[in-house]
Amino acid sequence: MYLADYHNHTCCSPDSEAKLEDMVRCAVEAGLSELCTTDHLDLLGWHGEVLGDWDWTPVLGQYERVRAECPEGFELRLGIELGAIQFFPERAQKILEGVPLDFVIGSVHNVDPKLGGEDFYFIPYKTEQDCYTALDDYFKSLCALAKHDSYDVIGHIIYPLRYMNKRDGHSVTLDRYTEHMATFMRSAIGNGRGIEVNTNRGAEVEAWRPVLELYRELGGEIITIGTDAHKPEDVGKGVAQTVQMLKDMGFSYYTVYRGRKPQFIKL
Ligand SMILES: [Zn+2]
Ligand SMILES: [Zn+2]
């Protein structure tokens, strides 16, 4: 099976020290045929600060250098994880202009700047109500994001649950957000965009099933698979299981990208 990891970070992201050459080496060892590197390009910082101009030089330099040394037959592709498109749509569009990108993940990491703009990671979820207050804002943002076209897939839809449930011990579900999910999925589908399954370094595969069921019911077909690896050893974790799950669920394809155009890999 052709396996591709479409969400991972290197030292060009503020929260990773990994070198792209080590990510590629681990991808080959994990049996992947393709890696799309997707460093963070957040328009809002961790605590809601509006970030300044973006310099593509490190990302492009690293990519060109490592691509030239890639093992024969291995596909290395250039992506980016663009955060906060919905708050700065024109800036998002401008920042991507003229860059030879294959793929863009549109992610929501921060609450609305009007509510402080904090990354969901830094919020202390003391009560279940804290979780739902944050999630109300999160899903509002996803609905706003999906209407734009600076992204190819919507990133890690279940992201805040990592911190609410796993870290802070709640057992919050997304049941009350089905209508929101259907709304942003319809926008993405209508836009020729998709969603990703983000395995969170292999820890979350089954958790995606209800999201994917809804997506399939709505006619969604574009799905990328990414691990969110920030360390080389996490590259590829859960990708093969996700492929199997998609197949079991009745999907026919998953997706990779070439120059921002989806290409379908038969399951
Ligand atoms: Zn992210
Ligand atoms: Zn990420």
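Which residues in α1 meet which residues in α2? In this predicted model, L20, E21 and V24 on the α1 side meet Q62, Y63, R65 and V66 on the α2 side. Sorted by class, the contact of α1 with α2 has 4 nonpolar, 1 polar and 2 charged residues. Helix α1 covers residues 20–29 and helix α2 covers residues 57–68, and their axes come within 9 Å while crossing at roughly 45°. That angle makes α1 oblique to α2, and α1 passes α2 in a right-handed crossing.

**Helix pairs around α6**

Helix α6, which spans residues 178–190, packs with helix α7, residues 209–217, at an angle of about 55°, and the two axes are 10 Å apart. The angle makes α6 oblique to α7, and the crossing in which α6 passes α7 is right-handed. From α6, the residues T178, M181, A182, M185 and I189 meet V211, L214 and Y215 of α7. By class, this contact of α6 with α7 has 7 nonpolar residues, 1 polar residue and no charged residues.

Helix α4 also packs with α6, at an angle of about 15° and with the axes 8 Å apart. Because angles under 35 degrees count as roughly parallel, α4 and α6 are roughly parallel to each other. The crossing of α4 and α6 is left-handed. Here F139, K140, L142, C143 and A146 in α4 meet H180, M181, T183, F184, S187 and A188 in α6, and by class the contact has 7 nonpolar, 3 polar and 1 charged residues.

| Helix pair | Angle | Axes | Crossing |
|---|---|---|---|
| α1 and α2 | roughly 45° | within 9 Å | right-handed |
| α6 and α7 | about 55° | 10 Å apart | right-handed |
| α4 and α6 | about 15° | 8 Å apart | left-handed |

S187, which is found in helix α6, is in contact with A146 and K147 once its neighbours within four places in sequence are left aside. The C-alpha atoms of S187 and S13, 174 residues apart along the chain, are separated by 29 Å.

**The nonpolar core**

The largest nonpolar core has 92 residues, and those with the most contacts inside it are L82, L135, F139, I157, F184 and L212. The largest share of this core, 10 residues, comes from helix α4, which spans residues 128–146. F139 has contacts, leaving aside its neighbours within four places in sequence, with I157, L174, Y177, H180, M181 and F184.

I195 is found in strand β6. Is I195 buried or exposed? Since buried means under 20% relative accessible area, I195 at 0% relative accessibility counts as buried. Apart from its neighbours within four places in sequence, I195 is in contact with V153, I154, I157, V211, L212, Y215, I222, I223 and T224. V211 and Y215, two of these partners, are also among the α7 residues that meet α6. The C-alpha atoms of I195 and L212, 17 residues apart along the chain, are separated by 9.1 Å.

**Two loop residues with positive phi**

R201 has a positive phi of about 60° although it is not a glycine. The place of R201 is in the loop between β6 (194–198) and α7, where R201 counts as partly exposed at 29% relative accessibility.

D228, likewise a residue other than glycine, has a positive phi near 60°. The place of D228 is in the loop between β7 (223–226) and α8 (239–249). What is the relative accessible area of D228? The value is 3%, and D228 is therefore buried, because the limit for buried is under 20%.

**Strand β9**

Q263 lies in strand β9, which runs over residues 261–266. With a relative accessible area of 36%, Q263 is partly exposed. Not counting residues up to four places away in sequence, Q263 touches Y254, T255, V256 and R258. The C-alpha atoms of Q263 and Y253, 10 residues apart along the chain, are separated by 9.3 Å.

Terms used:
Residues numbered from 1 in each chain as written. Chains lettered and ligands numbered in written order. Predicted model: local features only at pLDDT ≥ 70, side-chain atom pairs only at ≥ 80, totals over all residues. Heavy atoms only, no water. Helix = DSSP H or I, 4+ residues; strand = E, 2+ residues; numbered from the N terminus. Buried < 20%, exposed > 50% of the residue type's maximum accessible area, 1.4 Å probe, protein only. Contact = heavy atoms within 4.5 Å. Axes fitted to C-alpha atoms, helices over the stretch in contact; angles between N-to-C directions. Parallel < 35°, antiparallel > 145°, perpendicular 65-115°, else oblique. Left-handed = near helix turned anticlockwise from the far one by under 90°. Nonpolar A, V, L, I, M, F, W, Y, C, P; charged D, E, K, R; others polar. Core = buried A, V, L, I, M, F, W, Y, C linked by side-chain atoms within 4.5 Å.
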